[in-house]
Amino acid sequence: MTQHIGELAPPNRLMLTPGPSSMDPRVYRALATPLVGHLDPWFKGCMDDTQVLLRQIFQTENRLTMPISASGSGGIEASVLNSLEAGDEALICVNGLFSERMAVIASHTPAKVTKVEAPYGKPVDAEDVRRAGKGKKIKIVGLAQGETSSGVLTQLEPFRKVADELGALLIVDAVASLAAVPLHVDRERVDICFSGTQKAISAPPGMSPITVSPRAEEVFRNRKSKVQSWYFDLTTAMNYWGKDRLYHHTPPVSLIYALREAMRIVMEEGLETRWERHRVNQLALIAGIEAMGLELLVKKPTDRLPTVTAVMIPDGIDDAKVRNQLLDEFNIEIAGGLGPLKAKIWRVGLMGYCSQKPYVLLFLAALEKVLLDQGLRVPSGAGVGAAVQSYTHAHSEAATVSR
Ligand SMILES: Cc1ncc(COP(=O)(O)O)c(C=O)c1O
């Protein structure tokens with residue numbers, strides 16, 4: 001009972017993980033500004049700003065656009081629970097752990113859920129979705145634009161086409177892709193899109209931005225039964241985030257400050273410059289990884305998610321030893337594989353603030369040292385050399401955050 005607990009002093013890690021990513025100092029400063037009440041007239045203006053910025057980042061005019069007070073999984077819950085009820089049928093594209101989570105959450109509703117699957121490392125084929133939905137009345141088609149467990153990117157257009165043919169809403173998990181990968185919610189006619197604050201937006205974890213098309217709102221309004229969650233019922237949550245600003249629950253005020261500042265940084269950089277930065281840095285990382293003799297899980301370059309690179313662990317190399325040494329010796333965190341990919345891959349994240357040329361070069365040098373120590377013969381300097389070449393061929397000025 002007398003044990004003394006000291007002041008908090010976390011280590012200063014470089015988080016090259018699939019989330020959370022490291023944050024810009026401006027976001028820390030926003031977090032430390034004075035707390036106000038969630039119904040304070042000043043805070044209502046801060047909410048307005050947050051919604052304006054969210055619409056810019058999602059590239060949408062959707063009225064129903066707000067940050068849900070929950071991590072990215074809360075975005076999945078809200079999307080699926082608000083859309084589905086008894087008698088409905090859902091097709092969920094599953095190519096990894098997070099798209100599988102969407103199917104699992106959908107199975108908590110009384111709707112019939114069919115998974116359309118692809119092996120980890122590949123996107124689902126839209127043709128398989130068309131086949132699975134043929135002759136049926138489908139309410140939603142769901143997918144992850146960025147499947148973080150395997151580093152796979154899914155192109156949205158073919159799925160929008162199939163969803164149109166089936167008369168279904170298209171739900172897109174952009175947790176690992178928003179603000180890093182091209183996404184135009186209105187132009188691509190995504191009905192419900194959600195993300196997480198801790199990834200390429202580089203704000204703290206704990207909020208899930210979501211946007212809902214007028215068509216999906218109409219579907220919510222026409223429900224015959226109550227949404228199976230009070231907290232995630234988007235129509236009532238909008239009493240607070242809508243024009244009335246009525247109490248619904250107490251939101252994480254300081255996280256909203258941080259999100260607002262992180263999004264200001266996104267828009268100062270510009271979405272297209274940011275998308276390009278993520279692309280250029282991943283290309284350099286991949287050039288370095290391959291020059292070291294390592295292989296990637298995702299074989300087809302256009303299927304690679306720019307924010308998460310899945311590297312095959314070479315035979316005889318201990319997954320945890322490498323990750324622990326990177327952490328202990330270089331303060332760099334990377335992630336291991338999940339589910340069937342556990343101990344088979346490393347996942348290297350270059351998200352938001354972490355997608356920078358100096359970090360790519362530092363990581364490749366650190367990985368070389370660690371792999372040599374673990375007994376793998378890596379050609380000396382090959383990783384950094386190949387990355388430098390890659391930057392020389394790309395527009396390298398796009399690779400670094402300019403501040
Ligand atoms: C694509 C994707 N969807 C959903 C989630 C779940 O988000 P959270 O862990 O913030 O609940 C993640 C988390 O990594 C993710 O990468």
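A polar contact is a pair of N or O atoms within 3.5 Å; within protein, one atom must be able to donate a hydrogen and the other to accept it, and residues adjacent in sequence count only if both atoms are side-chain atoms. The model is predicted: local features need pLDDT of at least 70, side-chain atom pairs count only at pLDDT 80 or more, and totals for chains, interfaces and linings use all residues. Residues are numbered from 1 along each chain as its sequence is written, and side-chain values use heavy atoms, with hydrogens and water left out.

**Exercise 1. A buried charge**

Task: Determine which backbone oxygen lies 3.0 Å from a polar atom of the side chain of Arg347, and describe the surroundings of Arg347.

Solution. 
Step 1. Helices (H or I, at least four residues) and strands (E, at least two) are DSSP runs, numbered from the N terminus. Arg347 belongs to strand E14, which covers residues 345-349.
Step 2. The oxygen is that of Thr148, at 3.0 Å from the side-chain polar atom of Arg347.
Step 3. A salt bridge is a side-chain nitrogen of Lys or Arg within 4 Å of a carboxyl oxygen of Asp or Glu. Lys and Arg count as positive and Asp and Glu as negative, while His and the chain ends are not counted. Buried means under 20% relative accessible area, exposed over 50%, and partly exposed in between (1.4 Å probe, protein chains only). Arg347 is buried but has no salt bridge, and the nearest side chain of opposite charge, that of Glu147, is 6.8 Å away.
Step 4. Contact means heavy atoms within 4.5 Å. With neighbours within four places in sequence left aside, the contacts of Arg347 include Leu16, Pro18, Thr148, Ser149 and Ile334.

**Exercise 2. Helix H9 and the cores**

Solution. 
Step 1. After H9 comes Gly270, with a positive phi near 95°.
Step 2. Among the buried residues of H9 are Val253, Ile256, Tyr257, Leu259 and Met263. The buried residues of H9 pack against helices H1 (25-31), H2 (41-58), H8 (234-241) and H10 (271-291), and against strand E2 (64-68).
Step 3. A nonpolar core is a set of buried Ala, Val, Leu, Ile, Met, Phe, Trp, Tyr and Cys residues joined through side-chain atoms within 4.5 Å. The largest such core has 90 residues, and those with the most contacts inside it are Met66, Val129, Val141 and Ile210. Another core, of 33 residues, lies apart from it and includes Leu16, Leu285, Leu326 and Ile334.
Step 4. In soluble globular proteins, nonpolar side chains tend to be buried together.
Step 5. Beyond residues up to four places away in sequence, Met66 touches, among others, Leu54, Ile210, Leu234 and Trp241.

**Exercise 3. Salt bridges**

Task: Count the salt bridges, and explain why the pair of Arg63 and Glu217 ties together separate parts of the sequence.

Solution. 
Step 1. The count comes to 27 salt bridges.
Step 2. Arg63 and Glu217 form one of them, at 2.7 Å from N to O. Arg63 lies in the loop between H2 and E2 and Glu217 in helix H7 (residues 214-221), so the pair ties together parts that are 154 residues apart in sequence.
Step 3. Arg63 is partly exposed at 47% relative accessible area, whereas Glu217 is buried at 10%.
Step 4. Lys299 and Glu295 meet at 3.9 Å, N to O. Lys299 is exposed at 54% relative accessibility, and Glu295 is exposed at 53%.
Step 5. Salt bridges with shared partners join Arg160, Asp164, Arg189, Asp191 and Arg215 into one network.

**Exercise 4. Backbone angles**

Task: Identify the peptide bond that is cis with omega near -5°, and state whether Ser202 is buried or exposed.

Solution. 
Step 1. The cis bond runs from Gly19 to Pro20. Pro20 is in the loop between strand E1 (14-15) and H1.
Step 2. Ser202, a residue other than glycine, has a positive phi near 60°. Ser202 sits in the loop between E9 and strand E10 (208-212).
Step 3. With 4% relative accessibility, Ser202 is buried.
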